[in-house]
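Visitor: I'd like to learn how to read this one feature by feature. Could you walk me through it?

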Amino acid sequence: MDTILCLCKGIKKYEIIDTIIKGAHTVDDIKEKLGVTSGLCGGERCKTSIEYFIEQYKDYKPSQEEYVYNRMDTLVCFCKQIKKSDIIDAINDGYDTVDKLKEKLNVTNGVCIGERCRENIEEIIKIHLKK
Ligand code: FES
Ligand code: FES
């Protein structure tokens, strides 16, 4: 799964990055939108990381593909109900081609035989390995 960055509120890293890319450039802006730093620890455990990601992404203009990639933990293979985060975890474990991912997660192996997901999986591999 994608990393949870604000543990108290269960807010994931990709949600925070998405919010920064959309124009929230201070911790308070992101707090207003997502509730980060408003948990029990008062931001003690997450504020520094959020500030780091603001610096990293505030001037970032993603391509359309990267934008989609960063956006959310979407379902990628509908037939087999496999999410983007499952695919990224598997890529990190070395399953870095569609065939290897098929072996590991069964993606592209549903009734549409990859018609709806193969291209997106290829895109995710390409973008993730560039990082
Ligand atoms: S971890 Fe974010 S408020 Fe506690
Ligand atoms: S959507 Fe992946 S096999 Fe159909």
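Visitor: What is the mean pLDDT of the chain?

Guide: pLDDT is the predictor's confidence in each residue, from 0 to 100. Here the chain averages 87, and 89% of its residues reach 70 or more. This is a predicted model, in which local features need pLDDT of at least 70 and side-chain atom pairs count only at pLDDT 80 or more, while totals for chains, interfaces and linings use all residues. Residues are numbered from 1 along each chain as its sequence is written, and chains are lettered from A and ligands numbered from 1 in the order in which they are written.

Visitor: Which residues of helix H1 are buried?

Guide: A residue is buried if 20 or more other C-beta atoms lie within 10 Å of its own, exposed if 12 or fewer, and partly exposed in between, with C-beta atoms placed from the backbone. In H1 (residues 13-21), Glu15, Ile16, Ile17, Thr19 and Ile20 qualify. As for the general idea, an α-helix has 3.6 residues a turn, so residues three or four places apart point the same way.

Visitor: What does H1 meet in H2?

Guide: Contact needs C-beta atoms, placed from the backbone, within 7 Å. Glu15, Ile16, Thr19 and Ile20 of H1 meet Ile30, Lys33 and Leu34 of H2. Helix H2 (residues 27-34) packs on H1 at about 115°, with the axes 10 Å apart; axes are lines fitted to C-alpha atoms over the stretch in contact, and angles run from 0 to 180 degrees between N-to-C directions.

Visitor: Which residues make up the largest nonpolar core?

Guide: A nonpolar core is a set of buried Ala, Val, Leu, Ile, Met, Phe, Trp, Tyr and Cys residues joined through C-beta atoms within 7 Å. The largest has 12 residues: Val76, Cys77, Ile82, Ile87, Ile88, Leu101, Leu105, Val107, Cys117, Ile121, Ile124 and Ile125. Strand E3 (75-77), helix H5 (84-92), H6 and helix H7 (118-130) each supply at least two, and H7 gives the largest share, 3 residues. A second, separate core of 11 residues includes Ile11, Ile16, Ile20 and Cys46.

Definitions and conventions: Helices (H or I, at least four residues) and strands (E, at least two) are DSSP runs, numbered from the N terminus. Two residues are in contact if their C-beta atoms, placed from the backbone, lie within 7 Å.
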